[in-house]
Amino acid sequence: MTRTFPAKLANGKPPLFVVVSFDGAGDLTLWSHWRQIAKQVNARMTFFLSGPYLYPGSHRADYKPPGKSPGASEIGWGDPAKVVRRTAVLRQAIAEGHEIGTHANGHFCGKTGIGGWNATQWNDELKAFDLMVANGPTLAAGKPLAAPFDPATVKGMRTPCLEGNRSAYRQVMRQRGMLYDASEPGYIAWPKKTDGIWNFPLQSVELAGTHKNTLSMDYNLWYAQTGAREAPASQAPALKAQVLATYRLALRRSRATGNPPLFLGNHFNHWNNSVYSDALTTFVQDTCTQPDIRCVSNIELLTWLEKNGTPRR
């Protein structure tokens, strides 16, 4: 389900779209949290699901990742009871208007992982995702259980660690009828098509109070703040304030340059005493009800772009 939005607001500018997305989408408590926050402010979000979160570990050898042993996964596998619960949660989230994308499966980063995969290997990886979505719930339940969604409805991907041969995996995406890639670093600007699909980047933003740039992703903010190390809990308020100020600075820069979309990436995590989840929660609550803002899923933004074209600054 996608909503419709005007080409221009009363002030003559396009809406300022804020796109919040999550990688992995496994933790059931955070699923509940983000669905509740979205309801509060009439937002829609994109959740890039990792296949193993819907597949029980007892059947992990069904997965044969390129260059790895059967059943290998850097993120583990699904507990059967949690797979059944995730299946229900995914179905509910889709009914609420949220979008499900793919984060592939085993989360293999680096040169020995997805960095070296060719188009054939990416095709195998995405077929494996389809099978995990289709078959995992039934295997976990021990009886027929419908998949939470049709894998053919997945139109976007974010690759693990934002890596991979882009021309190779985008070729496979096009062949599958997918429409956008949310993996490539970029800038606060109106999106364009690359390799025949929309490029929705994580954006370079200034870390508030510094002259350093980082990506609009929680892990990158964590790395920029504390080297991706856990800081003492006493530092959490100041770290959260800096992240929140970073988001607000990025929003101001969008408004100053013609309202290009703001893409904010997150994980289902509690890094640094939940600084990044807490900061994003506050930002969404404060921002999504502002009159010129529309907090949307990636597919809602894409639908708007296809209808109205890319605005000129």
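A salt bridge here is a side-chain nitrogen of Lys or Arg within 4 Å of a carboxyl oxygen of Asp or Glu. Asp130 and Arg176 meet that rule through their side chains, at 2.9 Å from N to O. The model is predicted. By the salt-bridge rule, the count comes to twelve.

- Asp130 sits in helix H3 (residues 119–141).
- Arg176 lies in the loop between helix H4 (166–175) and strand S5 (180–181).
- The two residues are 46 apart in the chain, and the pair links distant parts of it.
- Arg176 counts as partly exposed because its relative accessibility is 26%.

- The side chains of Asp195 and Arg170 form a salt bridge, with N to O at 3.1 Å.
- Asp195 is in the loop between strand S7 (192–194) and strand S8 (197–199), while Arg170 is in helix H4.
- These partners are 25 residues apart, and they too link distant parts of the chain.
- Arg170 has a relative accessible area of 2%, so Arg170 is buried.
- Asp195 has a relative accessibility of 35%, so Asp195 counts as partly exposed.
- Shared partners join Arg170, Asp181, Glu184 and Asp195 into one network of salt bridges.

**Salt bridge Arg248–Asp286**

- The closest N and O atoms of Arg248 and Asp286 are 2.7 Å apart, and the pair forms a salt bridge.
- This pair links helix H6 (residues 236–256), which holds Arg248, to helix H7, which holds Asp286.
- Arg248 is partly exposed, at a relative accessible area of 35%.
- Asp286 is partly exposed, with a relative accessible area of 35%.

**Helix pair H5 and H7**

- The crossing of H5 past H7 is right-handed.
- H5 contributes Asp218, Tyr219, Leu221, Trp222, Gln225 and Thr226 to the contact.
- H7 contributes Trp271, Asn272, Val275 and Tyr276.
- By class, the residues of the contact of H5 with H7 are six nonpolar, three polar and one charged.

**Helix pair H2 and H3**

- H2 passes H3 in a left-handed crossing.
- On the H2 side, the contact is made by Pro80, Val83, Val84 and Thr87.
- On the H3 side, Gly136, Pro137, Ala140 and Ala141 take part.
- The contact of H2 with H3 divides into six nonpolar and two polar residues, with no charged residues.

**Gln242**

- Gln242 is found in helix H6.
- Leaving out residues up to four places away in sequence, Gln242 touches Leu207, Ala208, Thr210 and Gln225.
- One of these, Gln225, also belongs to the H5 side of the contact with H7.
- Gln242 and His33 are 209 residues apart in sequence, and their C-alpha atoms are 22 Å apart in space.

Conventions. Residues numbered from 1 in each chain as written. Predicted model: local features only at pLDDT ≥ 70, side-chain atom pairs only at ≥ 80, totals over all residues. Heavy atoms only, no water. Left-handed = near helix turned anticlockwise from the far one by under 90°. Helix = DSSP H or I, 4+ residues; strand = E, 2+ residues; numbered from the N terminus. Contact = heavy atoms within 4.5 Å. Nonpolar A, V, L, I, M, F, W, Y, C, P; charged D, E, K, R; others polar. Buried < 20%, exposed > 50% of the residue type's maximum accessible area, 1.4 Å probe, protein only.
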